[in-house]
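Please examine the model shown below, and then follow the explanation through its local features.

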Amino acid sequence: MKAGAGNGGPRAQVEEVPVPSIGPGELLVQMKACGLCGTDIEKLHGEYTAAMPVLGHEAVGIVSRVEGKVEGIKEGDRVFPHHHVPCHNCYYCRRGNETMCDHYKTSYLDPGGFSEFIRVPEWNVSHGGVLKVPERLSFDEASLVEPTACCIRAIERCGVEEGDSVLVVGAGPVGMTHALLLASMKARVMVSDISDDRLNFARGSHLGAVLDAGKLDVPQEVKRATEGRGADLAIAASGSLRAIEQALKSVRKGGKVCIFGVPPKGSILQYDVSDPYNSEVSLFSSYAATDVDTAKALKLIASRRIDFASLITHRFRIEEFDRAVETMSSGKGMKVVITP
Ligand SMILES: [Zn+2]
Ligand SMILES: [Zn+2]
């Protein structure tokens, strides 16, 4: 079968690999769609440090084989198999840090989401890591479950209320997912980016103010829009140091900053920390999502109250994996989805 892979450098390639064999309690899923994530690009570049660099964690598909006894899942089911699944029982899980669970980062899809068939390990299957996708949702739409869940988790961790002004730094696919969610909660959304394509996409979405960070002083613009205060929350939806610094400088006294985009290895911020101290700014981060967040995301996507599907601008087949990666890396498209 074909599988999208790295080549040890920044380029992507397609490999011919055997269909994984599955053991008792495991599933073989035929991939139907899998979103390409910014973290996949970081994994290809060797810059990702949060977990094993396995490519493709937004896959959805059809169960093609079940081995042994598996409760509630049968061949032919449409599913979203979680890449990482926590134990829900350890010290971290019991305190709401499920994505910090030792089991979380050591459970993953094999060989990854960009392959024709995926082995879902027994741990993932037996710990609630397989979500059924309703018939009325397309596989494209369902592939947005994971990135949407990550944004839901971040917004919940930071606590957003109606009327809050929120700056999203970075108008890529996750930045725009945040903007969609925040607008639906009646927050006052501001989005900043430096890419013309992304700024244009954000303008076309009509979710709030769009700030060209290449031309404007974003913190100043945010203050101007908030009676001189600054935003209640700024989400750095890009892992660049510039984005994080912009977020820190754009929040009000007592405001919150969320590090959401993954900073590459060795990102050292030169920043006067007396500033967040003196203004009592809280720093949050949000890493990935759990089955609780994905269940919420699936429900929300299935309700079609929010037009998440409008974020999908490109589709590529597995054999075009290198082109998909190029498109995503160039920042031209919004969400890129791989299909078999
Ligand atoms: Zn992702
Ligand atoms: Zn745990």
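Phenylalanine 201 is partly exposed, since its relative accessible area of 23% lies between the limits for the other two classes: buried means under 20% relative accessible area and exposed over 50%, with partly exposed in between (1.4 Å probe, protein chains only). This is a predicted model, in which local features need pLDDT of at least 70 and side-chain atom pairs count only at pLDDT 80 or more, whereas totals for chains, interfaces and linings use all residues. Residues are numbered from 1 along each chain as its sequence is written, chains are lettered from A and ligands numbered from 1 in the order in which they are written, and side-chain values use heavy atoms, with hydrogens and water left out.

Phenylalanine 201 belongs to helix α8 (residues 196–205); helices (H or I, at least four residues) and strands (E, at least two) are DSSP runs, numbered from the N terminus. Apart from neighbours within four places in sequence, phenylalanine 201 is in contact with Met176, Ser310, Leu311, Thr313 and Met334, where contact means heavy atoms within 4.5 Å. In the case of methionine 334, a separation of 133 residues along the chain corresponds to 8.2 Å between the C-alpha atoms.

Histidine 206 is located in the loop between α8 and β10 (208–212). Although histidine 206 is not a glycine, its phi is positive, at about 50°. With a relative accessible area of 69%, histidine 206 is exposed. Alanine 288, in the loop between β13 (282–285) and α12 (291–303), also is not a glycine and has a positive phi, of about 60°. Alanine 288, however, counts as buried, at 19% relative accessibility. The backbone has a further feature at aspartate 110 and proline 111, which are joined by a cis peptide bond with omega of about 0°. Proline 111 is in the loop between α3 (102–106) and β6 (117–120). Most residues other than glycine have a negative phi, and most peptide bonds are trans.

Two helix pairs may be considered next. Helix α6 (residues 145–158) packs against helix α7 (residues 173–184) at an angle of about 60°, with the axes 9 Å apart; axes are lines fitted to C-alpha atoms, for helices over the stretch in contact, and angles run from 0 to 180 degrees between N-to-C directions. That angle makes α6 oblique to α7, because angles under 35 degrees count as roughly parallel, over 145 as roughly antiparallel, 65 to 115 as roughly perpendicular and the rest as oblique. The contact of α6 with α7 has eight nonpolar, three polar and no charged residues; Ala, Val, Leu, Ile, Met, Phe, Trp, Tyr, Cys and Pro count as nonpolar, Asp, Glu, Lys and Arg as charged, and the others, Gly among them, as polar.

Helices α9 (residues 218–225) and α10 (residues 241–250) pack at about 30°, with their axes 9 Å apart. This angle makes α9 roughly parallel to α10. Val218, Pro219, Val222 and Lys223 of α9 meet Gln246, Lys249 and Ser250 of α10, a set of three nonpolar, two polar and two charged residues.

Finally, the zinc ion (ligand 1) is coordinated by Cys37 (SG) and His57 (NE2) at 2.1 to 2.3 Å. Cysteine 37 lies in the loop between β3 (27–36) and α1 (38–44), and histidine 57, 20 residues apart from it, in the loop between α1 and β4 (59–66). Donors are N, O and S atoms within 2.8 Å of the metal (3.2 Å for Na, K and Ca); water is not among the atoms, so sites may look incomplete. Both cysteine 37 and histidine 57 are buried.
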